[in-house]
Amino acid sequence: MLFTNHYELSIDHKHRISLPAEIRQEFLQKIIYFQKQKDSLFGYLYHEKHIQQIYTSLHSPLQPSFNLEQTIFQIQQPFEPLHIDNIGRINLRCETPSNKVYLMGAGQYLILYLNNKEEFEKEFSYIKENKKV
């Protein structure tokens with residue numbers, strides 16, 4: 001599935017967000033992988049299939065679609081498995097500056113913004129203009 005929508009989500013007092021239904025359907029194994037970027041207020045959410053593709057491309061650099069720079073960037077920070085509970089929530093396990101986060105589809109993965117709405121909208125506009133989504 002390609003993720004292309006964007007969402008504004010509320011964080012509850014236990015640092016959980018509820019994933020939208022169309023995203024939840026893609027994660028039947030009830031695990032989503034979170035990669036928070038060091039010293040920043042955003043991170044990536046990956047499906048297990050995408051994680052497998054990243055590591056497969058790292059170990060098979062002769063594939064025509066292999067991009068070493070992108071693969072190294074993707075594995076610089078650890079992937080943390082987050083379990084999706086029975087009603088579709090995940091615990092972010094990190095402090096956020098507000099009670100809102102912004103989720104943006106970026107093809108095979110999702111970008112989670114923990115900062116303000118203006119930064120999210122600026123990044124979303126840039127990606128839309130450059131047809132990266």
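Tutor: Contact means heavy atoms within 4.5 Å. Leaving aside neighbours within four places in sequence, His47 is in contact with Glu26, Phe27 and Gln29. This is a predicted model, in which local features need pLDDT of at least 70, side-chain atom pairs count only at pLDDT 80 or more, and totals for chains, interfaces and linings use all residues. Residues are numbered from 1 along each chain as its sequence is written, and side-chain values use heavy atoms, with hydrogens and water left out.

Student: Why is His47 called buried?

Tutor: Buried means under 20% relative accessible area, exposed over 50%, and partly exposed in between (1.4 Å probe, protein chains only). His47 has 12% relative accessibility, so His47 counts as buried.

Student: What makes the approach of His47 to Glu26 a polar contact?

Tutor: A polar contact is a pair of N or O atoms within 3.5 Å; within protein, one must be able to donate a hydrogen and the other to accept it, and residues adjacent in sequence count only if both atoms are side-chain atoms.

Student: Where is His47 found?

Tutor: His47 is in the loop between strand E4 (42-46) and helix H2 (48-59). Helices (H or I, at least four residues) and strands (E, at least two) are DSSP runs, numbered from the N terminus. The protein has four helices and eight strands, in the pattern β-β-α-β-β-α-α-β-β-β-β-α along the sequence.

Student: Is Arg16 buried or exposed?

Tutor: Arg16 has a relative accessible area of 18%, so Arg16 is buried. Arg16 lies in strand E2 (residues 16-18), and a polar contact of 2.7 Å joins its side chain to that of Asp12. Beyond four places in sequence, the contacts of Arg16 are Ser10, Ile11, Arg89, Ile90 and Asn91.

Student: How do you know that Leu110 is buried?

Tutor: Its relative accessible area is 0%, so Leu110 is buried. Leu110 lies in strand E8. Leu110 and Gly43 are 67 residues apart in sequence and 8.5 Å apart in space, C-alpha to C-alpha.

Student: What makes a group of residues a nonpolar core?

Tutor: A nonpolar core is a set of buried Ala, Val, Leu, Ile, Met, Phe, Trp, Tyr and Cys residues joined through side-chain atoms within 4.5 Å. The largest one here has 21 residues, and those with the most contacts inside it are Ile17, Ile90, Leu92, Leu103 and Leu112. A second, separate core of 13 residues includes Tyr46, Ile111, Phe120 and Phe124.

Student: How do you know that E7 and E8 pair?

Tutor: Two strands pair if DSSP finds at least two bridges between them. Four bridges join E7 to E8, so they pair, and they run antiparallel. Met104 stands opposite Ile111 in E8. Both strands belong to an open sheet of six strands in the order E1-E7-E8-E4-E3-E5, with antiparallel pairing.

Student: Why is one side of E1 left without a neighbour in the sheet?

Tutor: E1 and strand E5 (80-83) stand at the edges, each with a single partner strand, so one side of each has no neighbour in the sheet.
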